[in-house]
Amino acid sequence: MSHGPRSGLAAVSSALLAMSRHLEVRDVLKTIVASARELLDAQYAALGVPDDHGGFAQFVVDGVSEEQWKAIGPLPRQHGILAAMLHEARSERLADVRKDPRFEGWPKAHPDLVDFLGLPIRDGDEVIGALFLANKSCERPEGGCGFTQDDEELLGILAQHAAIALTNARLYERSRELTIAEERSRLAHELHDAVSQKLFSLRLTAQAAARLVDRDPSRAKGELQQVAALAAEAADELRAAVVELRPAALDEDGLVATLRTQIQVLDRAHSARVTFAGHGVKALPASQEEALLRVTQEALHNALRHSGAGHVDVTLDRRGGGAVLRITDDGSGFDPSAVRRAGRHLGLVSMRDRASGAGGTLTVESAPGKGTVIEMEVPGG
């Protein structure tokens with residue numbers, strides 16, 4: 001089989017490795033489409049994941065500019081040849097898609113497709129997507145050219161591995177949803193305990209002040225000052241919890257902007273000075289960006305709630321194709337080995353799990369009275 005400059009086992013291996021490298025469904029879909037187009041030397045490639053209503057839940061293209069894609073309009077419906085691949089679960093290889101009796105046209109801005117190759121992506125008996133290519137890049141003699149039987153077999157191998165990668169990504173996302181639900185439950189419990197204690201103390205102190213206001217105004221004034229202090233602490237707890245519960249706007253704003261916004265809120269909510277700086281960081285795979293965000297939140301939680309820090313500094317810098325995150329505080333610090341022996345974790349286990357789950361590493365440097373430095377590095381895409 002010959003497929004241009006990307007032919008051979010090395011090209012197939014490269015495509016399969018690229019698919020297995022990602023955990024997010026959207027990243028997997030984009031990698032499958034780009035790998036298929038490059039491997040078979042096609043001008044256009046697309047992958048559609050069907051919904052239950054005759055349309056597509058997701059539809060990813062490669063070879064079409066963003067401006068052209070916007071001009072094309074809404075996602076296609078499941079009709080014509082796309083429907084045949086999804087519902088009849090068979091491959092389609094056509095010399096000219098426009099001459100097929102099932103062809104129903106396309107929007108005005110749609111590119112002109114000629115030769116066509118499409119295959120369903122199957123997980124057992126279930127069709128979970130449709131992968132198709134158009135306009136094979138080659139010299140076009142009078143007889144024309146198009147996709148071959150070898151191309152179809154190669155795309156079939158790719159589709160089988162795409163099914164595995166897509167299924168794994170879906171399982172990962174479901175697992176992450178469960179983890180998020182567990183985190184929200186933990187935060188709700190923590191919020192209930194912390195704020196309830198503050199409000200209970202506030203109530204008792206207010207009652208004491210009310211009893212003292214007539215016979216000992218000076219002591220009553222002191223109790224009321226304590227009421228104000230407890231109310232401020234309760235407000236801080238609530239603000240911090242809101243920051244943790246707020247959905248991260250990573251898709252819309254990116255990691256740097258999301259971190260900057262959340263840290264600005266924490267800086268206003270706490271007496272400690274909390275700063276952030278980000279330098280030259282490019283977009284990272286979604287799983288790595290979320291892991292960096294969650295590790296930052298956990299580390300800030302520890303620093304602001306437990307360390308007594310006066311200053312917490314967060315930096316995110318580019319390192320190679322990836323990034324390195326550092327959270328440094330001037331708080332009381334701790335002995336990491338003593339924490340492990342005592343069965344306390346301060347979120348360290350969770351942070352290490354998040355780092356390793358995203359393909360990264362996490363280190364912790366701390367000592368009593370010396371503050372804490374947490375560093376996490378991820379490799380990028």
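## About the model

Residues are numbered from 1 along each chain as its sequence is written. Because the model is predicted, local features need pLDDT of at least 70 and side-chain atom pairs count only at pLDDT 80 or more, while totals for chains, interfaces and linings use all residues; side-chain values use heavy atoms, with hydrogens and water left out.

## Helix α2

Let's start with α2, which covers residues 25–39. Helices (H or I, at least four residues) and strands (E, at least two) are DSSP runs, numbered from the N terminus. The 15 residues of α2 reach 21 Å from first C-alpha to last, close to the expected 21 Å (1.5 Å times one less than the number of residues).

Among the buried residues of α2 are V25, V28, L29, I32 and L39 (buried means under 20% relative accessible area, with a 1.4 Å probe and protein chains only). Just after α2, D41 has a positive phi of about 55°.

## The five-stranded sheet

Next comes an open sheet with mixed pairing, in the order β6-β7-β8-β10-β9. Its edge strands, β6 (273–279) and β9 (361–366), each pair on one side only (pairing needs at least two DSSP bridges between two strands). The twist averages 10° from one strand to the next.

β6 pairs with β7 (residues 311–319) in the parallel sense over seven bridges. T275 has D313 of β7 as its bridge partner.

## Helices on the sheet

Helix α8 (residues 286–306) packs on this sheet, touching β6, β7, β8, β9 and β10 (contact means heavy atoms within 4.5 Å). The direction of α8 makes about 5° with that of β8; axes are lines fitted to C-alpha atoms, for helices over the stretch in contact, and angles run from 0 to 180 degrees between N-to-C directions.

Helix α10 (residues 348–357) lies across β9 and β10, at about 150° to β9.

Technical notes
Buried means under 20% relative accessible area, exposed over 50%, partly exposed in between (1.4 Å probe, protein chains only).
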